[in-house]
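This report describes a predicted model. It begins with the overall layout and then turns to disulfides, salt bridges and the surface.

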Amino acid sequence: MVLLKMKFTQQRRVRLAQGLWLLSWVAVLCGTFIFCLGVYLKTELLARAEVMDNTEIHVVPNILMMVGLASIGTNWVASRMCQDSLDATRFPRWKVFLLAWFAVAALICCLLVAVVVLSYALQGRLEESLKVGLRNGIRFYKDTDVPGRCFQKETIDHLQMEFRCCGNNNFKDWFEVQWVSNRYLDFTSKDVKDRIRSNVDGRYLLDGVPFSCCNPASPRPCLQYRLTDNSAHHSYDYQSEELNLYNRGCRQALTDYYMELMNSTGPGVLSVILIQMSVLLSLRYLQTAVEGAMALENPEDDSEGYLLEKGVKETIEEAKANVLTMLKFGQVDPTAAEGSEPAADAEKGADNAAEKAASPTPAS
């Protein structure tokens, strides 16, 4: 049973080819959009790679760039097919490539669906990567003279000011690490000695934060140090007063930023999927309609176009049978190999007997 059969006159075939040619170029532009989207997302991820523990989330922009390039090439080929579809001398040459084209176009649609799914599914992995990366970034904040970590302080400061955040979870994360380098500490000072001695690991811990945590929107001058000491500041209560620091942690800020960025690509990617599916189905109708017309005595007569020559179930079973046949063809039959060995031995024995019969008998 033919699936979704339609009748096409010569005029309808021409209109279908013209409309599909235009749709193919729209799909080329969509492929360019997908590629640029992947490049932008990749750039944003690489810009903050220092505060990420792994690159698993990079699979999303990588797929977008790959699919974008494949979509540009595939739909450009589709536009060329549309130009040649009404020429009986040029269209048959595309018949060899059509099956591969349909397979690539279907794969592009599947990968785009996978991108949409991964954009939501990888949120937990992204958050965990940022959690570990930011924790290490804060720990190495003071290592401005250590090779490989020289720019860690600058990175963290820019990050906190750009995203208006402080620490990993909140500003209290800075209380747990020594973020002032030893080279800037006066070890003759009693306060420095007391702080280092009071810590088991011998670290100089402060109830303070870097300047980049200060919120410029606060009417009060920034309080960076002795944040838990109510007596250190006038009219100040650490427990009840809203501090003039950013309250949101950078992990949450970055997770929200990247998830908003990836989620906003969802509608655009879904639109591209619909356009790509339209090109795929329209080209299938055009192919079957044109091939049907070429089989007629008068190519300008009406022809039939369809999506599948048989039903969905029959097509799947036929494809499965073809795959199994190909797999069997590539295998070696062990019984046939064993049966061929005795035959070869018998043939070799017959050749030896013939050689002995042909050789002259020595005189006695």
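## Overall layout

Read from the N terminus on, the elements of the protein follow the order β-α-α-α-α-α-α-α-β-α-α, which amounts to nine helices and two strands. Of the 364 residues in this predicted model, 38% are buried. The accessible surface of the protein comes to about 21,500 Å², and carbon and sulfur atoms supply 60% of that area.

Contacts can also be sorted by the distance along the sequence between the residues that make them. Among the contacts in the protein with a separation of 6 or more, 72% are made by residues 24 or more positions apart.

## Disulfides

The model contains three disulfides, and when the bonded cysteines are numbered in sequence order their pairing reads 1-6, 2-3, 4-5. One of these links is formed by Cys165 and Cys250, whose sulfur atoms lie 2.1 Å apart, and with 90 degrees about the S-S bond this link is right-handed. Because Cys165 lies in the loop between helix 5 (152-163) and helix 6 while Cys250 belongs to helix 7 (residues 250-294), the pair ties together parts that are 85 residues apart in sequence. Both Cys165 and Cys250 are buried.

Cys166 is joined to Cys213 by a disulfide with an S to S distance of 2.1 Å, and this link, with 85 degrees about the S-S bond, is right-handed. Cys166 is in the loop between helix 5 and helix 6 and Cys213 in the loop between helix 6 and helix 7, so parts that are 47 residues apart in sequence are tied together by this pair. Cys166 is buried, as is Cys213. A disulfide also joins Cys214 to Cys222, with an S to S distance of 1.7 Å; the torsion about its S-S bond is about -65 degrees, and the disulfide is therefore left-handed. In this pair Cys214 is buried, with a relative accessible area of 16%, whereas Cys222, at 33% relative accessibility, counts as partly exposed.

Cys30 counts as buried because its relative accessibility is 14%, and Cys82 counts as buried at 4%.

## Salt bridges

How many salt bridges does the structure hold? The count is 13, and among them is the pair of Glu56 and Arg125, in which the closest N and O atoms are 2.8 Å apart. This pair links distant parts of the chain, given that Glu56 sits in the loop between helix 1 and helix 2 (59-84) and Arg125 in helix 4 (residues 123-139), 69 residues apart. Glu56 is partly exposed, with a relative accessible area of 36%, and Arg125 is likewise counted as partly exposed, at 41% relative accessibility.

Another salt bridge connects Arg195 with Asp191, where the closest N and O atoms are 3.6 Å apart. These two residues are four residues apart in helix 6 (residues 190-197), and so they are separated by about one helical turn. Arg195 has a relative accessible area of 25% and is partly exposed, while Asp191 is partly exposed at 41%.

Asp229 forms a salt bridge with Arg226, and the closest N and O atoms of this pair are 2.9 Å apart. Asp229 is partly exposed, with a relative accessible area of 24%, and Arg226 counts as partly exposed at 45% relative accessibility. Elsewhere, salt bridges that share partners join Glu44, Arg48 and Glu162 into one network.

## Helix 1 and the surface patch

On the surface, Trp21, Leu22, Trp25, Val26 and Trp76 form a nonpolar patch, and together they have about 480 Å² of accessible area. Which element gives the most to the nonpolar patch? Helix 1 (residues 10-47) does, with four residues. Trp21, which is found in helix 1, is partly exposed, with a relative accessible area of 35%.

Lys42 is also found in helix 1. Leaving aside residues up to four places away in sequence, Lys42 touches His58, Pro61, Asn62 and Met65. Lys42 and Val59 are 17 residues apart in sequence, and their C-alpha atoms are 9.3 Å apart in space.

Note on methods:
Residues are numbered from 1 along each chain as its sequence is written. This is a predicted model: local features need pLDDT of at least 70, side-chain atom pairs count only at pLDDT 80 or more; totals for chains, interfaces and linings use all residues. Side-chain values use heavy atoms; hydrogens and water are left out. Patches are made of residues with over 30% relative accessible area and no salt bridge: like charges are joined within 9 Å, nonpolar side chains (Val, Leu, Ile, Met, Phe, Trp, Tyr) within 5 Å. Accessible areas come from the Shrake-Rupley method with a 1.4 Å probe; for residues, only the protein chains shown count as cover. A salt bridge is a side-chain nitrogen of Lys or Arg within 4 Å of a carboxyl oxygen of Asp or Glu. Buried means under 20% relative accessible area, exposed over 50%, partly exposed in between (1.4 Å probe, protein chains only). Contact means heavy atoms within 4.5 Å. A disulfide is a pair of cysteine sulfur atoms within 2.5 Å.
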